Every structure is written in C-alpha cells, then in structure tokens.
Amino acid sequence: MKILKFTLITLSTINLISCKKDTTVTETPKDSLITKKDSVVIPEVHKEYYGIYTGEFAGKGELYDNETREYYEGTDYKRLSLKINRITQDSVYGQSIVNGTQRPFRGVFNEGTQSFILDEPGNDKTDGRFEIKLKNDSITGKWTAFNKSAVKAPLKNLRLIKKEFVYNPNFMLDENSDLIDWENPKDFKEKYTDEETGKTETYTAAKNRIASDAVFKINASKQKLTEKDLKNLRKLDMEIIKNAVFARHGYSFKKQTYRNFFEQTDWYIPVSNNVDSELSPMEKDNVALLNRFIKYAEDKYDSFGR
C-alpha cells in the first residue's frame, strides 16, 4: 500500500508539471510571442516600413581638434543607420548602428502622426531615445542621451533615407575622395634659416598621413593579392584597401579615420559591427596578407591646412 501511494503522488506531480509546460510563453527569434497551447501569434503590421534608414546624425558639443590639440565648440557629425526589424500594434523592434556600436531598441509607433519613440536599453553610457517622424522613405527627428554628461553632443538631429544594403565587390572610393588622414597628425622637427641673421632655427610642424592613388586601383574583394602588389604601398594605402573589404559588407567602423574615407561614398551603409563571417575566402586571405604588410609598412606625411 505504501508503494501504491508513492506512485500516485509521483504521477500527480508529473501531471502538474506537464500542465504548466503547456501554457509556457516563448519568444521566437523575430520577437513574435507564441503560446504552445493555443499557437497564437501577435501579428506584425506596417511591414512596408521595415528596412535600413541611414544618413546624417549631428549635434553641437565640445570637440577635440587633433591638429591644434585643443577643445572647441562645434558640430559632431556621424553617419547613423536605424534598422527597423519588426512592428506590432504595441511595439517596435530594431537596432541603431553608429561609430562601430550596434544597440538594440524597442519602442512604439503612432500610426496617426507617423512617428516613432524608440529607446535603447540604457545600460550603456551612449544610449538614448529617438523621437522621429516618418515621411515616405525618409526619417527626421532627434536623439537625446539618457546620460547627458557621458557624450560629446547629448542632443543630436537626424535626417535618414531608406536604403537597401547590397554587397557589391566592385564598390571603390570615388577618385575625388580626400585621401588625408586628419585624425592622426604627427609632430616633426623642421629647420629653417633666418634670412636676416643667417641663423638656422628649429620649429615643430604637424603633418598628416596621406594615401596614394593606389587605393583607386587595388580591390581586395575582386583580385587575389600578392606580395608584389603590396611591397611599395604606403601603410595608409593598405589600411584603406583592407578596410574597403569590410566597408563593402556594411561594417560600422569605430575609428574615425576609416569612417572619414568611406562616408565620402554614396554606397557605404553601416549595418553591423561584425561582418567577419560574410567575407569570402579570397577576401580573408587578402586581409591576412595586408595585415602582415601593414605591421611593417611606413607612412608618408605632408603638411595640410583645413
């Protein structure tokens, strides 16, 4: 009798656990809420608004001038992408991508005013709230930092256009691109002779790295590179050729130097902070070869005025 009683209790417990599992609510990768018992899916709406919106993201703040080594009040320009992945009656899901950082957001969509309020999580010092309005294929509005003292420009305006990201191995820098690395000036000692006194004096001059036109000719996404192709290139040349591979795949650069080069094009759309898995075998081999040469290459510097 004792054994029978224990068996009944055990079966009863199993039944209770089984009942609880039948009503479990889970999330699918697309954030759709489904109950296993009733298979109810929260419907998505306004799928025509899904996609990538990219463009100018700018605000006034205290900036640092690498050339003068001083802070100044100016406008901080960046390129921002907003990816809207899913909209339901009560929620909007997606990501913001800027400066090599990808942050999820969640918010609401007001159908009457065609406007969004989108909040990043808030657990990073650069998180904030987007208050934006949709008109046709463009988005305008503002972003406000949650922690206003943690960022250079706590209030930024944005003007974005909907664009379809497409990987194209033929994409190259425009031949009218500015090939000067303004972000990394280097001090050099220069000498000059005073015409009146005849004395030779020394002064310090800031110079910037400059790339050659090789960056318009060598494409590491289309051609298998050899040591012969790289041996006479400048360090900045190889950095641009290498990072053009990542730019074509939509990589969001952390370094301002590379953003400055690729944001001059109309094809560069930052969509991810990690595109390593997207590279072709040839691109991976070329990047590895470029990294070897970059390690020992030298730069050419020149003097420039802004």
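# A tour from pocket to sheet edge

Begin by selecting helix 3, which contributes three residues to the lining of the second largest pocket, the most that any element gives. The model is predicted, so local features are described only at pLDDT of at least 70 and side-chain atom pairs count only at pLDDT 80 or more, while totals for chains, interfaces and linings use all residues. Residues are numbered from 1 along each chain as its sequence is written, and side-chain values use heavy atoms, with hydrogens and water left out. Helices (H or I, at least four residues) and strands (E, at least two) are DSSP runs, numbered from the N terminus.

**Stop 1: the pocket and the cavity**

Display Lys242, Asn243, Phe246, Tyr251, Phe253, Lys254, Lys255, Tyr258, Asn273, Asn274, Val275 and Asp276, which line the second largest pocket. Its volume is about 180 Å³. By class, the lining comprises five nonpolar, three polar and four charged residues. In this scheme Ala, Val, Leu, Ile, Met, Phe, Trp, Tyr, Cys and Pro count as nonpolar, Asp, Glu, Lys and Arg as charged, and the others, Gly among them, as polar.

Keep helix 3 (residues 235-248) selected, for this helix also gives the most to the lining of the largest cavity, with four residues. The structure holds one cavity of 30 Å³ or more, and the volume of the largest cavity is about 60 Å³. To outline the largest cavity, select Phe171, Met172, Leu173, Val215, Ile218, Asn219, Ala220, Ile240, Ile241, Ala244, Arg248 and Phe262. This lining has 10 nonpolar residues, one polar and one charged.

Grid points are joined across faces, edges and corners, and a volume is the space filled by probe spheres set on the points.

**Stop 2**

Select residues 70-87 and 92-98, which are strand 4 and strand 5; the two are antiparallel and joined by six bridges. Two strands pair if DSSP finds at least two bridges between them. A hairpin with four residues connects strand 4 to strand 5. Arg86 has Tyr93 of strand 5 opposite.

Now centre the view on Ser81 in strand 4. Ser81 counts as buried, with a relative accessibility of 0%; buried means under 20% relative accessible area, exposed over 50%, partly exposed in between (1.4 Å probe, protein chains only). The Ser81 side chain makes a polar contact of 3.0 Å with the side chain of Thr54 and reaches the backbone oxygen of Pro270 at 2.8 Å. A polar contact is a pair of N or O atoms within 3.5 Å; within protein, one must be able to donate a hydrogen and the other to accept it, and residues adjacent in sequence count only if both atoms are side-chain atoms. Beyond neighbours within four places in sequence, the residues in contact with Ser81 (heavy atoms within 4.5 Å) are Ile52, Tyr53, Thr54, Gln95, Ser96, Ile97, Ile269 and Pro270.

**Stop 3: Asn99 and Asn110**

Move to Asn99, in the loop between strand 5 and strand 6. Its phi is near 55°, a positive value in a residue other than glycine.

Next, select Asn110 in strand 6 (residues 101-110). Asn110 is partly exposed, at 39% relative accessible area. A polar atom of the Asn110 side chain lies 2.9 Å from the backbone nitrogen of Gly112. The C-alpha atom of Lys133, 23 residues away along the chain, is 9.4 Å from that of Asn110.

**Stop 4**

Strand 8 and strand 9 pair antiparallel over eight bridges, and Leu134 has Ile139 of strand 9 as its bridge partner. Their hairpin has two residues between the strands, and Asn136 there takes a positive phi near 55°. Asn136 is exposed, with a relative accessible area of 67%. Opposite Gly141 stands Leu158 in strand 10.

**Stop 5**

Finish at an open sheet of three strands, in the order 11-12-13 with antiparallel pairing. Strand 11 (180-193) and strand 13 (301-302) are the edges, each with a single partner strand, so one side of each has no neighbour in the sheet. Strand 12 (residues 200-210) and strand 13 are joined by two bridges; Arg209 has Tyr301 as its bridge partner in strand 13.

Key. On a 1 Å grid over the protein atoms alone, a cavity is a set of points where a 1.4 Å probe fits but cannot get out, and a pocket is an open set with protein on both sides within 12 Å along at least five of seven lines; lining residues have an atom within 4 Å of a point.
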